[in-house]
Amino acid sequence: MATASTSTVPGLKSGADWLACAGQETQTAFLESLPDNALMALPWLFEFWALPHQLAPGGDWRSWVILGGRGAGKTRAGAEWVRAQVEGGHPGEPGRARRVALVGETMDQVREVMVFGDSGILACSPPDRRPVWEATRKRLVWPNGAVAQAFSAHEPESLRGPQFDAAWVDELAKWKKAEAAWDMLQFALRLGEHPQQVITTTPRNVKVLKAILANPSTVTTHAPTEANRAYLARSFLDEVRTRYAGTRLGRQELDGVLIEDSDGALWTSAALEAGRLETAPEFSRIVVAVDPPVTGHAGSDECGIVVVGAVTQGPPSDWRAVVLEDASVSAAKPTVWAEAALEAMARHGADRLVAEVNQGGDLVAEVIRQIDPLVPLRAVRASRGKVARAEPVAALYEQGRVSHLRGLADLEEQMCRMTARGYEGPGSPDRVDALVWAVHELLIAPARHVGRPRVRTLG
């Protein structure tokens, strides 16, 4: 899969950026240097105004996927690409494409977003090249005879029969019949020497999108919502940042990142979002759990450091936990992760540090004690595999007894890759391991001893 440069790179992104940043004299000189016909054409010259992710990559591709957050300018990019395909050198001259398919989730969305929307084809077209919408035939007709026909993804069979040399597919990731509609479109995209299609979508974890992205003939561009901030209301940006920053939903809907849950995952994105809290309650206990890396060099796995608080009033079935912070670090030296864990304890007023010692043995405790000899420390050893340890904790999530605050996206990414078959993400699930130890310390282990004689433990 080829990837074009994204709009997240700092600096000037387009000719419009250069013009906006130039001084008044430079702006005036530039505009006055243009002949009248060029000055009149400038508002319709998309290459001048476009952000990098809105311009088609070069190369011999079949599918161009534009992944972006909400409001990142995907619709405008799709509409302008259609224009670039059908328009010739003058209004009556043919372009590269003559038969275009416009496919959206519903016919209403094709009409209201792709055709008549603020960034749709009609709004982007100059008066002398603007196509005419023929409502009864559900199609656009250009002055040069090019035709774009509208289709609903809810009716895949409607794509059986027509044929095209170009297509614009909008919000594919939310189509209810995505695979069937996509397959029918591929059979219909068969005219011309090299038919192409553009897909504009906010990413979602759906099979058909992942298959398209994995296809060698696919190229992608990507941008977050922020890339198009000059054209978005500041109140909108402030609101969505406040509400969704630091969440997996925010990474998907604002950053335009494809968030994947492994099949059969013990945790899912939807469940984690449903249980998210905005503020933490008063806690009975707070612990910091540490899963140290096996080795201590630059290539080591991360050190999982997770802070969890619990309310343990009433019977154990009423106990609740809240994950407060993922303080994990990439640490080449043991003292680095030890100091990070102790700093997390101080930030949250934690009453205990829980550290797995399977890999480091007594060395783990020694490293921590060297920094703080008096820290309340419980050393724990894993007698079962990662999945077996994680499953009881996942069950507590299913019961609604563990919630998350914001800012835990990296931890949640690992959680949604942990399955009954094992961990299906890159590296080791160190953050998940630390989470499991923390929840076990707060909710599972104490519940086993309720009603039994209390035994004082050391450390």
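I took buried to mean under 20% relative accessible area, exposed over 50%, and partly exposed in between, using a 1.4 Å probe and protein chains only. The model is predicted, so I noted that local features need pLDDT of at least 70, that side-chain atom pairs count only at pLDDT 80 or more, and that totals for chains, interfaces and linings use all residues. Residues are numbered from 1 along each chain as its sequence is written, and side-chain values use heavy atoms, with hydrogens and water left out.

Entry 1. I looked up salt bridges, each being a side-chain nitrogen of Lys or Arg within 4 Å of a carboxyl oxygen of Asp or Glu. The search of the whole structure gave 24 salt bridges.

Entry 2. I examined E134 and R139, which form a salt bridge with N and O 2.7 Å apart. E134 is partly exposed at 27% relative accessibility, whereas R139 is buried at 18%.

Entry 3. I turned to R83 and E87, whose closest N and O atoms are 2.8 Å apart in a salt bridge. I found both R83 and E87 buried. The two residues also belong to a network of salt bridges that links R76, E80, R83, E87 and R129.

Entry 4. I then recorded the salt bridge between R285 and D351, at 3.3 Å from N to O. R285 lies in strand β10 (residues 285-291) and D351 in the loop between α13 (334-348) and β13 (352-356), so the pair ties together parts 66 residues apart in sequence. Helices (H or I, at least four residues) and strands (E, at least two) are DSSP runs, numbered from the N terminus. R285 is partly exposed at 22%, and D351 is partly exposed at 33%.
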